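Here is a short report on a protein and its ligand.

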Amino acid sequence: MPTDDVTLSDVYAARQRIAGVALRTPLMHSPALSERAGAEVHLKLESLQNTGSFKLRGATNKLLSLSEEEKARGVITVSSGNHGRAVAYAARSLGIKATVCLAETVARNKLENIKKLGPEVVVQGKGYDEAVEHSMKIQEKSGLTYLHPFDDPVVIAGQGTVGLEIVESLPEVDSVLVPLSGGGLISGVALAMKAANPGIRVIGVTMEAAPVMYHSLKAGEIVEMEEEPTIADALPGGLGPENFYTFRMCQELLDDAVLVSEEEIAAAMAFALQEHRLVVEGGAAVGIAAAMQQRAGDLGERAAVVVSGSNVDLPLLLKIAQEHGAAN
Ligand SMILES: *Cc1c(COP(=O)(O)O)cnc(C)c1O
């Protein structure tokens, strides 16, 4: 294994640490998606995770790994929504003071669900990258412990527990499709699954609208892009200002990265609701979309698709379902 900033034993340690907080989620066979994808497809339902996304795994692992002094100082983080909710939830249960920074573009349902958990909330910045800048300024002034949403070995190890569960539930899995933004989720999942079987194909899936990691991987260096609006509101944002782990891990561990369009994402959300009565947010539906479009090349006999979250505005989901004839 080329990368050793995060090891398989870190992922096992994370699993033990977070066991009382994060759920082991189901891996569900989808006959309907299998038919379209031309492989046996199983959905890893992180949409059913506490707080509505896998982010609880990394956030809990990180908070539980802090020193007593760091815990006492309190934490600050930046998020497009799901990581912020996970940090707020885990911090509240541990009695740690949390500050969550969000961009003005944050989805309303995500903002409301974070506020309910009682952290300090700072909404500032025209997009995710500006929110990152604000959060770093506040951190410098306040001395709060900074909790990075993806570029942190402890967070990556926490997200890797998703991969452990997949290979345990389906040891004969040949490929995995994983939603991709900063790359914390896929780095952890790839590390855990390739440790079990280096032949497993790991494919990142992201939206066509300003996919920073996708273009950075193609270019062989981190690129900057202007953020664009997308239904996959958990996925936009850059990798910087500095990236120490996830870009390199993605370079080393990913077999491929592919894109899906806004319309393909919407169709995948409608499909999940129609076929499985599953609520899936845009950023979490990209793997389903890639499988539906057979976008990801050879999936082998058995593929797992990580369905990473459910935090979608319900009226929006119902509207999408109706537009796709999936509201019955
Ligand atoms: C954060 C998030 C992702 C992307 O995770 P990264 O670690 O940033 O690649 C995918 N889906 C959902 C629902 C998310 O909240």
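## Ligand site

The ligand sits in the largest cavity. A cavity is a set of points, on a 1 Å grid over the protein atoms alone, where a 1.4 Å probe fits but cannot get out. To sit there, more than half of a molecule's atoms must lie within 2 Å of the grid points.

This is a predicted model: local features need pLDDT of at least 70, side-chain atom pairs count only at pLDDT 80 or more, and totals for chains, interfaces and linings use all residues. Residues are numbered from 1 along each chain as its sequence is written, and side-chain values use heavy atoms, without hydrogens and water.

## Shell and contacts

The ligand is surrounded by 16 residues (a heavy atom within 4 Å); the closest are Lys 55, Asn 82, Gly 183, Leu 185 and Ser 308. The shell divides into six nonpolar, eight polar and two charged residues. Gly counts as polar here.

Polar contacts are pairs of N or O atoms within 3.5 Å. Asn 82 places a polar side-chain atom 2.8 Å from a ligand oxygen. Backbone atoms also take part. A polar one of Ser 181 lies 2.9 Å from an oxygen atom of the ligand, and a polar one of Gly 184 lies 2.9 Å from an oxygen atom of the ligand. The protein covers 98% of the 380 Å² of accessible area (Shrake-Rupley, 1.4 Å probe) that the ligand has on its own.

## Overall fold

The protein has 14 helices and ten strands. These are DSSP runs: H or I of at least four residues for helices, E of at least two for strands. The radius of gyration, over C-alpha atoms, is 18 Å, close to the 20 Å of the globule rule for 328 residues, so the protein is as compact as a globular protein of that length. The rule is 2.2 Å times the number of residues to the power 0.38. The C-alpha trace spans about 55 × 45 × 40 Å along its principal axes.

Technical notes. Polar contact = N/O pair within 3.5 Å; in protein donor to acceptor, adjacent residues only side chain to side chain. 1 Å grid on protein atoms, 1.4 Å probe; cavity = no way out; pocket = protein on both sides within 12 Å on 5 of 7 lines; lining within 4 Å.
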